[in-house]
Amino acid sequence: MPTIAEKILARAAKRDQVKTNEIVMAKVDVAMSHENADVVIRAFKEIGLKKVWDPERIVIIFDHRIPAESEKSAATHKRIREFVKTQNIKYFYDMREGICHQVLAEFGHCRPGEILVGTDSHTTTHGAFGTFAAGIGGTEMAGVWSTGEIWFKVPESMKITVHGKFKEFISAKDLILFIIGQLGSDGADYMAVEFHGSTISEMTIASRMVLSNLSMEMGAKVAFILPDEKTISFVRERTKKEFTAVLPDRDAQYARSLDVDAASLRSQIACPHAVDNVKKVREVSGLKINQALIGSCTNGRLEDLKVAASIIEGKNVHPDVRLLIIPASRRIYLDATKAGYIETLVKAGGLVLNPGCGPCLGAHQGLLAAGERCIATTNRNFQGRMGSSDAEVYLASPATVAFSAIKGEITEPC
Amino acid sequence: MKEMFYNRPKPLHIKGRVYKFGDNINTDIIYPGKYLSITTEREEMARHCFETVYPEFLKIAEPGDIIVAGRNFGCGSSREQAATCLKYFGISAVVAESFARIFYRNAINLGLTVVIAPGISKKLEHNDIIEVDLKMGIIISKKNREELKTIRLPSSVLEILSAGGLVPYLRKKLGVEQ
């Protein structure tokens with residue numbers, strides 16, 4: 001009767017079974033870092049080993065400050081490149097590929113049944129492939145680089161079941177914002193979330209990634225979508241590595257369950273300054289905006305750009321609004337260009353930035369002044385996150401952001 | 001090694017003055033994103049604790065203070081700087097009703113004492129003097145001698161913390177200690 005989390009941890013710990021709340025040592029399959037590899041490198045050097053445990057299991061991807069916004073970041077990039085060469089790190093994606101969570105998926109690094117740790121909180125994204133994927137800090141990653149192992153407390157699991165068809169313009173983002181609003185920002189603290197139900201099985205891989213990605217914002221340690229044919233064929237097209245998909249037992253025990261009816265869902269929005277401050281878009285419609293942002297590891301994928309382009313086509317972005325478009329990866333950028341979405345968005349007045357994290361975390365590109373308001377498809381609206389602490393960030397779906405960008409105010413799609 | 005950040009084992013008994021925060025203090029608040037390009041200069045990180053949203057912290061707080069907070073302390077980003085800046089500022093412990101998991105692990109790995117104590121934030125005020133006893137799993141408020149229970153760390157995890165963090169712990173375990 002184990003859950004997915006229990007099955008994967010048992011296998012990674014070379015045990016028949018594990019018990020909730022016990023501490024286990026797990027073997028790591030993939031260890032990902034971005035620019036904070038610099039923090040990892042320093043701690044790794046302090047631990048004092050000469051060589052990393054396995055240069056073929058470490059993945060480094062630049063995405064947070066690309067191209068370098070300062071001399072300091074340029075020096076960080078340089079130090080990491082040198083380390084990559086010295087240690088023969090096999091999978092290094094310099095700034096040309098895009099956001100780490102998208103790049104990991106596109107290059108076949110997320111495989112069902114495996115353990116993936118990343119020095120980024122949104123590493124939960126890869127639960128969308130049935131991977132036990134959790135965020136960790138830099139020093140802990142240095143421990144993984146040294147030993148290939150990490151301790152985990154076997155988490156309790158939460159089962160979220162979703163049935164029904166979305167109304168027009170309602171998407172995975174509205175669903176997960178709704179769930180976070182219900183459960184609160186610590187509603188899934190330390191837990192493994194499993195998404196079940198017909199709505200989830202019908203979802204695209206891209207939409208499933210939105211659910212796993214944002215589950216972090218309710219505290220989840222990992223957030224699984226049950227791997228199915230769609231998952232297997234997506235992964236097989238991208239890697240030759242063998243993997244074994246894991247499903248929960250039918251009578252698996254869950255500490256908590258939640259059922260959601262997708263059909264009755266309206267557009268949702270997370271209001272300042274917390275991701276669980278969720279309202280229906282119509283409750284805050286009419287608020288003027290200065291910036292609209294479509295991108296990030298949450299919603300910068302092809303289907304997001306497609307819906308935005310279909311809404312904006314033939315119209316103009318409101319003159320008082322800066323619409324920033326950030327494709328999540330080079331692949332997506334190319335596909336969106338080929339499909340004409342980029343042309344549509346640029347014609348309407350959108351600014352297309354290079355694939356990367358952009359202003360989501362407030363490092364560069366499109367920060368906000370005091371008193372400004374931004375509606376974004378990103379994942380956090382904490383006070384001061386995207387520039388001034390007197391600015392406001394609202395989080396919504398690509399459709400809501402697109403409609404709002406045209407009207408110049410927060411607008412419910414219809 | 002030139003600068004040994006992870007230098008000594010952690011004391012299991014800590015005494016200090018309370019600096020109080022509320023619920024859901026996220027890592028963007030603790031360590032603003034605009035300073036994430038500071039990756040290795042730990043003293044510099046300490047100069048930016050809470051700078052954007054609670055700038056008074058840098059003026060009022062003192063090394064040795066114990067942060068007492070409500071639920072979900074350290075939620076949000078995995079940035080280790082959030083734990084490093086507090087440690088390097090000299091915060092001797094963070095006691096909260098609950099922690100977000102990545103911050104919690106980061107703190108332990110850096111040798112910054114973190115203690116889960118349900119109900120703590122209602123019982124303590126700014127400037128109270130408290131004693132944290134990790135071994136006994138209790139907090140004693142000097143004001144009224146009240147004893148508050150904490151949730152004890154699993155012994156394997158306490159071992160990492162009491163070694164002074166993951167680096168000294170692994171150096172010993174892997175036999176690279178000089």
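Reply: Helices (H or I, at least four residues) and strands (E, at least two) are DSSP runs, numbered from the N terminus. The model under discussion is a predicted one. With those terms, A:His273 is placed in the loop of chain A between strand 12 (268–270) and strand 13 (278–280).

Me: What is omega for the cis peptide bond between A:Ile66 and A:Pro67?

Reply: A:Pro67 is located in the loop that runs between strand 3 (58–61) and helix 3 (71–87) of chain A. The bond joining A:Ile66 to A:Pro67 is cis, and omega is about -15°.

Me: What domains does the assignment give for chain A, and what distance separates their centres?

Reply: The assignment gives domain 1 (4–260) and domain 2 (271–407). Their contact takes 34 residues from domain 1 of chain A and 35 residues from domain 2 of chain A. Taken over C-alpha atoms, the centres of domain 1 and domain 2 of chain A are separated by 24 Å.

Me: What area is buried between domain 1 of chain A and domain 2 of chain A?

Reply: The size of an interface is often given as the accessible area lost when the parts come together. On the side of domain 1 of chain A, A:Ile99, A:Phe169 and A:Lys173 lose the most area to domain 2 of chain A, together 22% of what that side buries. Carbon and sulfur atoms give 59% of the area buried between the two domains, which is about 2800 Å².

Me: Is A:Phe169 buried, partly exposed or exposed?

Reply: A:Phe169 is found in the loop between strand 8 (157–163) and helix 6 (172–183) of chain A. Although A:Phe169 is not a glycine, its phi is positive, about 70°. Buried means under 20% relative accessible area and exposed means over 50%. With a relative accessibility of 22%, A:Phe169 therefore counts as partly exposed.

Me: Which element gives the most residues to the lining of the largest pocket?

Reply: The largest pocket, of about 560 Å³, is lined by 24 residues, with A:Lys153, A:Asp189, A:Tyr190, B:Tyr104 and B:Ile116 nearest its centre. The elements that give two or more residues to this lining are strand 7 (149–153) of chain A and helix 5 (101–110) of chain B. By class, the lining has 12 nonpolar, 2 polar and 10 charged residues. The element that gives the most, with 3 residues, is helix 5 of chain B.

Me: How many residues of helix 4 of chain B are buried?

Reply: The buried residues of helix 4 of chain B include B:Cys85, B:Leu86, B:Lys87 and B:Phe89. Just after this helix, B:Gly90 takes a positive phi of about 110°. Helix 4 (residues 81–89) of chain B is mostly covered, the number of buried residues among its 9 being 8.

Me: What separates the C-alpha atoms of B:Gly64 and B:Lys87?

Reply: B:Gly64 lies in the loop between helix 3 (57–60) and strand 2 (66–69) of chain B. Beyond four places in sequence, B:Gly64 is in contact with B:Lys15, B:Gly16, B:Arg17, B:Gly90 and B:Ser92. B:Gly64 and B:Lys87 are 23 residues apart along the chain, and their C-alpha atoms are separated by 9.8 Å.

Me: What is the relative accessible area of A:Val210?

Reply: A:Val210 has its place in helix 8 (residues 205–215) of chain A. Apart from neighbours within four places in sequence, its contacts are A:Ala172, A:Lys173, A:Ile176, A:Thr298, A:Asn299 and A:Arg301. A:Val210 is buried, and its relative accessible area is 2%.

Key:
Residues are numbered from 1 along each chain as its sequence is written. Chains are lettered from A and ligands numbered from 1 in the order in which they are written. This is a predicted model: local features need pLDDT of at least 70, side-chain atom pairs count only at pLDDT 80 or more; totals for chains, interfaces and linings use all residues. Side-chain values use heavy atoms; hydrogens and water are left out. On a 1 Å grid over the protein atoms alone, a cavity is a set of points where a 1.4 Å probe fits but cannot get out, and a pocket is an open set with protein on both sides within 12 Å along at least five of seven lines; lining residues have an atom within 4 Å of a point. Grid points are joined across faces, edges and corners, and a volume is the space filled by probe spheres set on the points. Ala, Val, Leu, Ile, Met, Phe, Trp, Tyr, Cys and Pro count as nonpolar, Asp, Glu, Lys and Arg as charged, and the others, Gly among them, as polar. Contact means heavy atoms within 4.5 Å. Domain bounds come from an automatic or database domain assignment. Buried area is the accessible area (1.4 Å probe) that two parts lose on being put together, summed over both. Buried means under 20% relative accessible area, exposed over 50%, partly exposed in between (1.4 Å probe, protein chains only).
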